[in-house]
Amino acid sequence: MSTTLDAKTLWKAVLAELQLVVSPINYKTWLENTKAEKLTKSSLEIICPTLYTKDRLQKLLPLIQEAVDRIGTGMYEITFVIGETQPKKVSTEMGPLFAQTQANSATKEIQTKAGLSPRYTFENFVTGKNNQLAVAIANAVSQNPGTVYNPVFFYSGVGLGKTHLMQAIGNEIFRKKPASKIIYITSEDFTNELVYAIQHGRNFSAAFREKFRKADVLLIDDIQFIAGKESTQEEFFHTFNALYMTQKQIVVTSDRPPKDFTNIEERITSRFGSGIISDIQPPDYDTRVAILRNKRDQNKDAIPNDILAFIAEKVSTNIRELEGAYLQVLTEGKSNGDGFTLESAAKALHESIREDKQKQVNVQQILKAVCNYYSVKSADLKGERRTKGLVLPRQVAMYLIKDLTGTPLMTIGELLGGRDHTTIIHGVRKIGGEVVEMGKTRQDVTNIRQIINAT
Ligand code: ADP
Ligand code: MG
């Protein structure tokens, strides 16, 4: 850790990073009004304005912890306390969330305000057997919003194009009729905005209603997250009705069909069923190749067809993974001297597959591997005894759990029999120091990593 790093500087850098990974609304609502003043070698205290914010931040802890550890290059126990954070002055009566768009602002700005990304268009959405019906519906709806199919409900597994297709509808309607009020929002952000509005009193609640009920096109992504949230469902139901009765277009996506919802009110799911429902399936091999070629041509990359075919063969789960694999191959091909060869592609994919595997490692797997490797019992690892034969495995477990899963120190302490987080810091540091030496500990850790990777 750099000794000159102070709490404010660290937190500022962390906030900048978080701004890239959480949605703008989440950032504004939960993170912007926080500050940090106390930083020690092993702890960082974050001040937040309300108990509610504190709860929310607690949920974001894994993300925050990761960024703090990385930027601070140390390990800090993060705590949240409620205190004065000098909230920014709200400049308009409606507040920052509802700031009015300038009448003559640039197209891009309007699009962004609507939550639309210009990169999601019909033009670069490849049609195959897997998504034919969904694309036909999306096309029809963007030609005649509110009249042909309403509501539209798309569902599929992750990374198969729901968001892209939904956004393409918004972008197309916007292209034809720039004055349309289009709103794209995830159901999580819908919930967050609602909570914010309720907390901030009548003006905000009214503005919230006004905003959603006056939309011409409402695109709600990943509706499954309203499950179990009663007030969100209530509000959504009324929004839905207001729009539906005035023939405004509603498009909804989800990870499952309406009939499979458990914690969403019947009156809502039955409304979804009243329009048209379409699924999107995983793409077959030919469609995968077409998607890759389309991507290559769009970006004017130099990857040859046979390499694209190779990627399409190796990655069949979903399109997000396919795009990830494409990028790996691109990077590898550009950085090695020989350009795009099957070998460099294989190397790139092999690595990405291994990394994927590492990410999925869980604490139990690590504990099991450590116990087996050192022939100790899990109960002893978590117990009080401090014999040499137990201390090393225990510390190796702390180190590997931190390294492979990023679990917060306090949680690791709990997992290992209720140990204090300072004990965990000590263990992680000690092993972290030993693995850079050419000794037994390094060999042990390497071996255990291999065992975990092989499971
Ligand atoms: P979902 O919302 O279903 O999880 P996304 O819409 O985010 O999936 O799609 C994941 C990625 O795959 C995005 O980058 C998207 O542009 C791309 N993608 C999905 N389907 C297609 C398709 N048919 N043609 C081209 N790109 C696609
Ligand atoms: Mg999506």
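# Notebook: a walk through the model

**Entry on T341.** I started at T341, whose side chain reaches the backbone nitrogen of S344 at 3.0 Å. I list this as a polar contact (a pair of N or O atoms within 3.5 Å; within protein, one must be able to donate a hydrogen and the other to accept it, and residues adjacent in sequence count only if both atoms are side-chain atoms). The model is predicted, so local features need pLDDT of at least 70 and side-chain atom pairs count only at pLDDT 80 or more, while totals for chains, interfaces and linings use all residues. For my bookkeeping, residues are numbered from 1 along each chain as its sequence is written, chains are lettered from A and ligands numbered from 1 in the order in which they are written, and side-chain values use heavy atoms, with hydrogens and water left out.

I found T341 in the loop between α14 and α15 (342-359). Helices (H or I, at least four residues) and strands (E, at least two) are DSSP runs, numbered from the N terminus. With a relative accessible area of 28%, T341 is partly exposed; buried means under 20%, exposed over 50%, and partly exposed in between (1.4 Å probe, protein chains only). I also looked from T341 to A138: these residues are 203 apart along the chain, and their C-alpha atoms are separated by 38 Å.

**Entry on helix α14.** How far apart are the end C-alpha atoms of α14? I read 24 Å, which agrees with the 24 Å that its 17 residues (319-335) should span at 1.5 Å a residue; the expected span is 1.5 Å times one less than the number of residues. At the start of this helix, a side-chain oxygen of N318 comes to within 2.8 Å of the backbone nitrogen of R320. I then listed buried residues in α14, among them I319, L322, Y326, V329 and G333.

**Entry on domains.** I noted four domains in the protein chain: domain 1 (7-82), domain 2 (124-279), domain 3 (285-348) and domain 4 (363-454). Their bounds come from an automatic or database domain assignment. The C-alpha centres of domain 1 and domain 3 lie 37 Å apart.

**Entry on salt bridges.** How many salt bridges does the structure hold? I have 19 on my page, each being a side-chain nitrogen of Lys or Arg within 4 Å of a carboxyl oxygen of Asp or Glu. One of them joins E45 and K38 at 3.6 Å, N to O, and K38 is exposed at 52% relative accessibility.

Next I turned to R175 and E172, whose closest N and O atoms are 2.9 Å apart in their salt bridge. Both lie in helix α7 (residues 162-176), three residues apart, about one turn of the helix.

R267 pairs with E265, and here the closest N and O atoms are 2.4 Å apart. R267 counts as partly exposed at 29%, and E265 as partly exposed at 24%. I also found a network in which salt bridges that share partners join R209, R213 and E235.

**Entry on S278.** Is S278 buried or exposed? It is buried, because its relative accessible area is 2%. S278 sits in strand β8 (residues 276-279), and a polar atom of its side chain lies 3.5 Å from the backbone nitrogen of A134.

Most residues other than glycine have a negative phi, and most peptide bonds are trans.

- N150 and P151 are joined by a cis peptide bond, with omega about -10°; P151 lies in the loop between α6 (132-143) and β4 (152-155).
- Q247 has a positive phi near 55°. I found Q247 in the loop between α10 (230-245) and β7 (249-254), where it is exposed at 53%.
- S375 has a positive phi near 50°. I found S375 in the loop between α16 (363-374) and α17 (378-382), and it is exposed at 66%.
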